[in-house]
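Hi there,

Here is the structure I promised to pass on. Have a look at it first, and then read on for what turned up.

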Amino acid sequence: HQTSTNALNQGVLSSSNNEYVPLTSYVTNLVSDYIKNPTTSFGFMTRLQNENYYRRIVVASSDNTDSTKWPKLQVTYKIVASTDTCIVLKKNAENIGYEDAMVDDNRATANFGTYDVIPYWAWTNGGTSTTGHSYLKFPLSSIPSNAVISSATLKLSSVNHAAEGSNSQLSGSNDGIVSRVTANWSEGSINWNNKPATTTTN
């Protein structure tokens with residue numbers, strides 16, 4: 001599923017009811033803002049567009065046992081009068097600085113920095129409504145500050161998870177959005193109560 005970045009510099013993740021379909025979002029404007037504003041850019045946040053339960057997306061984190069499903073950010077950029085350079089960023093030995101984690105308003109002080117999925121959802125748990133967001137941080141320091149971003153694509157892989165379930169459109173569309181995070185955070189300490197701010201403008 002592929003969609004474009006909208007006028008608010010907000011990536012869109014298409015709805016899916018299939019745990020085998022990768023989710024793709026064009027985040028060119030978000031990465032351009034990231035490069036232009038490195039002191040106020042600390043990754044992406046994903047959440048549902050409509051947070052009325054019951055709807056959910058479950059995707060693999062970088063702690064998932066299947067490394068082929070880890071989140072990826074592919075960026076193509078150009079320096080003036082040069083050819084395009086394409087890089088793929090994900091968790092590996094070369095890309096030190098990658099982080100991801102989910103946050104859950106029903107477990108507001110819990111940290112999920114080593115969890116094997118980074119879902120986003122609106123659901124209920126024991127009759128209590130619950131909402132989840134996820135955060136991803138890619139190391140973009142290798143991209144020169146004067147680079148022109150030709151394209152940037154965020155790729156997430158849906159999975160069927162024993163605890164979190166799988167993608168669901170029980171009450172309607174589970175379209176998601178991707179926003180730029182504007183305050184620093186760490187996967188080892190982030191939770192719902194201290195989650196950083198985000199923006200949909202450049």
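Which backbone nitrogen lies 2.9 Å from a polar atom of the side chain of aspartate 100? It belongs to serine 62. Before more on that residue, a word on the source. This is a predicted model, in which local features need pLDDT of at least 70 and side-chain atom pairs count only at pLDDT 80 or more, while totals for chains, interfaces and linings use all residues. Residues are numbered from 1 along each chain as its sequence is written, and side-chain values use heavy atoms, with hydrogens and water left out.

**Aspartate 100**

Aspartate 100 sits in strand β8, which covers residues 99–104. Its relative accessibility is 1%, so it counts as buried (buried means under 20% relative accessible area, exposed over 50%, partly exposed in between, with a 1.4 Å probe and protein chains only). Besides the serine 62 nitrogen at 2.9 Å, the aspartate 100 side chain has a polar contact of 2.7 Å with the side chain of tyrosine 98. A polar contact here is a pair of N or O atoms within 3.5 Å; within protein, one must be able to donate a hydrogen and the other to accept it, and residues adjacent in sequence count only if both atoms are side-chain atoms.

Setting aside neighbours within four places in sequence, the residues in contact with aspartate 100 include Ser61, Ser62, Asp63, Tyr135, Trp185 and Glu187 (contact means heavy atoms within 4.5 Å).

**The whole chain**

The protein chain has 1 helix and 13 strands, and in sequence order it reads β-β-β-α-β-β-β-β-β-β-β-β-β-β. Helices (H or I, at least four residues) and strands (E, at least two) are DSSP runs, numbered from the N terminus. Along the principal axes, the C-alpha atoms fill a box of roughly 60 × 35 × 30 Å. Buried residues make up 51% of the 202 residues. Of the contacts in the chain with a separation of 6 or more, 72% are between residues 24 or more positions apart.

**A cis peptide bond**

One last thing to look at: the peptide bond from tyrosine 53 to tyrosine 54 is cis, with omega near 20°. For background, most peptide bonds are trans. Tyrosine 54 is in the loop between β4 (44–48) and β5 (55–57).

Happy browsing, and do write back with any questions!

Best wishes
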